[in-house]
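User: Please go through a few points of strand pairing and packing. Here is the entry.
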Amino acid sequence: MSSIHITLPDGKVLDVPRGTTPAEIAQKISPHLATEALVARVAANGEGASGGELVDLGRPLEHDARLAILTPKDPQALEVFRHSAAHLLAAAVLELFPNVKLGIGPPIEYGFFYEFLRQEPFTPEDLERIEAKMRELAARDLPNERKLLPKAEALELYRKWGQGFKCELVEEKATEPMVSFYTTGKFIDFCRGPHIPSTGRIRAFKLMNVSGAYWKGQEGNPQLQRIYGACFYTQAELDDYLHKLEEAKRRDHRRLGIELDLFSIQEEAGPGLIFWHPKGGLVRKLMEDWLRDELLRRGYQFQLVFTPHVMRLDLWKISGHTSFYRENMFGAIEVEKADYQLKPMNCPGHILIYKSRLRSYRDLPMRLGELGTVYRYERSGVLHGLLRVRGFTQDDAHIFCIPEQIESEIAACMDFAFAVLRTFGFEKYEVELSARDPAHPEHYAGSVEDWQRAEGALVSTLERMKIPFKRMEGEAVFYGPKIDVKLIDAIGRPWQLTTVQFDFNLPPRFGLEYVGEDGSRHQPLMVHRALWGSVERFFGILIEHYAGAFPAWLAPVQAEVLPVSEKFVDYARKVSDALAEAGFRAHLDDRNEKLQAKIRDAQLQKVPYMLVVGGKEAEAGTVAVRHRSKGDLGPQPLAEFLAALRKEVESRASH
Ligand SMILES: [Zn+2]
Ligand SMILES: [Zn+2]
């Protein structure tokens with residue numbers, strides 16, 4: 001029998017008989033590896049280290065190759081695992097509902113789905129039965145077996161079975177004469193694979209919901225029912241996921257926005273347009289005050305600007321937005337036979353301010369900052385609370401500078417971005433640098449030197465500031481490289497926030513110049529930067545991050561004063577007046593309600609402090625302090641409470 005050479009990831013070479021399977025090799029390496037193994041990656045000897053194809057552990061190896069045995073530690077294995085869970089779902093559904101027609105069943109971010117055509121909708125009770133059947137089939141540890149059939153036979157098989165969608169897939173996707181199939185119990189699927197060897201290890205899963213989806217996602221095609229499932233290696237991971245999902249629901253800013261009376265979206269006014277109610281408006285004012293103060297403190301003196309909401313359409317032709325940004329813009333408005341455009345961006349406005357007079361190198365860097373409201377067309381289907389809207393206010397700035405200034409300007413932007421994270425209570429973040437695709441310089445505005453200098457400056461600034469970052473090759477937009485900062489919220493979700501972006505497109509389009517030290521004209525560099533992105537979106541993120549319980553410095557009401565009975569309303573009023581005089585936002589609950597009910601309402605409104613006052617407190621000049629999450633803090637002299645609250649607010653403590 002001839003033998004083949006199998007090279008393992010550590011460089012070791014095994015001499016094995018032709019036809020040996022990865023499972024057998026795993027067993028040879030260690031019995032532990034064999035029990036952990038899910039799938040194998042096989043690469044021809046000449047291929048790069050990351051290349052190779054995933055194959056079943058039971059697939060015989062016919063040639064010399066490099067082989068990696070993948071276990072749950074490998075991210076690629078999880079997709080295979082979840083794909084096998086999708087097959088398990090289909091197998092269970094076929095047992096219970098033998099007449100369904102099958103669509104597709106891929107792995108997804110948190111698990112899997114499979115599509116079925118069935119007249120009646122799947123009910124929650126059906127899902128329970130299906131899940132129970134999946135557990136039964138998993139416990140039987142059914143093998144996932146691969147079979148090859150000639151294409152004609154495969155089509156015949158599906159035709160006889162009445163699986164029209166599968167016939168369609170075989171017709172379209174089977175490019176080779178032999179077609180691969182996988183069977184799990186009675187379920188047989190046209191599938192490239194690979195799969196895990198058997199169903200026994202699929203234990204930590206839960207069917208989540210059913211939703212309608214057109215076949216191949218195309219309107220007009222038959223509507224299938226997609227059953228979604230969450231699936232992880234371990235129950236602990238699944239529980240963690242389900243817990244986060246619950247938390248996300250509890251924190252949903254759309255629900256909290258109503259409960260806490262922060263904002264609304266009015267159908268009468270149109271979708272994606274935000275109404276800030278007094279309490280939300282107050283939080284916004286506090287956020288904006290902080291931002292404007294920081295802008296001025298950080299050297300943006302006298303450079304806060306305001307620009308019109310509507311400008312001539314011609315301006316957007318010069319900027320190029322009418323071509324590359326057309327589909328995100330509202331339609332033009334005609335006034336006195338000229339077309340005007342609701343602004344989708346603030347950049348051209350700031351450029352016009354720059355261009356309003358001849359600039360010298362001594363005027364640079366010029367940093368123009370604006371809380372600028374823009375309007376963008378988003379399809380109604382993608383609108384989402386405060387996070388995806390049609391009208392929003394960007395905390396926008398544009399920096400015009402000379403090449404020698406870019407590093408310090410970028411460093412200042414990053415420093416400001418981290419101040420945002422700290423101030424608003426975020427501890428974790430991720431930074432990404434989007435670079436151009438070096439193979440296609442023709443896809444980009446600006447010269448190769450411009451790009452190299454800009455990317456170099458971004459990298460060296462991040463390195464000098466010791467900020468870890470991920471380099472995203474080929475991810476830059478056509479007009480310049482950028483840095484993105486994603487914050488990670490209280491339940492581990494990433495949110496794209498700060499952007500620092502070079503622009504090699506707009507300066508030449510608008511003919512921007514400055515007079516250099518040499519007396520001749522040069523083109524300035526231009527950088528767009530936004531810290532929050534938009535006030536609306538950042539507010540939405542804050543609501544979810546804090547679950548509506550804003551820290552004292554941002555809370556619309558900082559203290560609720562609660563007299564234990566009507567008898568003590570006078571003293572309660574004195575307390576709330578003292579708070580107001582000291583500059584705090586206090587509210588007196590003088591309703592004729594039981595104390596317990598008042599406390600409950602203040603808790604539901606997530607007011608940081610409740611000050612309960614009765615006879616004892618009136619006599620001693622104290623307040624009984626209750627904190628929304630720490631509970632009862634006992635009696636304190638009023639002056640002492642005021643001093644402590646002042647400290648908490650001034651330090652912008654985040655909890
Ligand atoms: Zn499949
Ligand atoms: Zn801009």
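User: Which residue in E30 stands opposite Leu562?
Analyst: This is a predicted model, in which local features need pLDDT of at least 70, side-chain atom pairs count only at pLDDT 80 or more, and totals for chains, interfaces and linings use all residues. Residues are numbered from 1 along each chain as its sequence is written, with chains lettered from A and ligands numbered from 1 in the order in which they are written. Strands (DSSP runs of E, at least two residues, numbered from the N terminus) pair if DSSP finds at least two bridges between them. Strands E28 (559–563) and E30 (609–613) pair in the parallel sense over 5 bridges, and the residue opposite Leu562 is Val612.

User: Which strands stand at the edges of the sheet, and why is one side of each left without a neighbour?
Analyst: The open sheet has 5 strands with mixed pairing, in the order E29-E28-E30-E31-E32. Each edge strand has a single partner strand, so one side lacks a neighbour in the sheet; these strands are E29 (586–588) and E32 (631–637).

User: Is Phe205 buried or exposed?
Analyst: Phe205 is found in strand E12 (204–214). Its contacts (C-beta atoms, placed from the backbone, within 7 Å) beyond four places in sequence include Ala85, Gly111 and Leu238. A residue is buried if 20 or more other C-beta atoms lie within 10 Å of its own, exposed if 12 or fewer, and partly exposed in between. Phe205 has 22 such neighbours inside 10 Å, so the class is buried.

Definitions and conventions:
Helices (H or I, at least four residues) and strands (E, at least two) are DSSP runs, numbered from the N terminus. Two residues are in contact if their C-beta atoms, placed from the backbone, lie within 7 Å.
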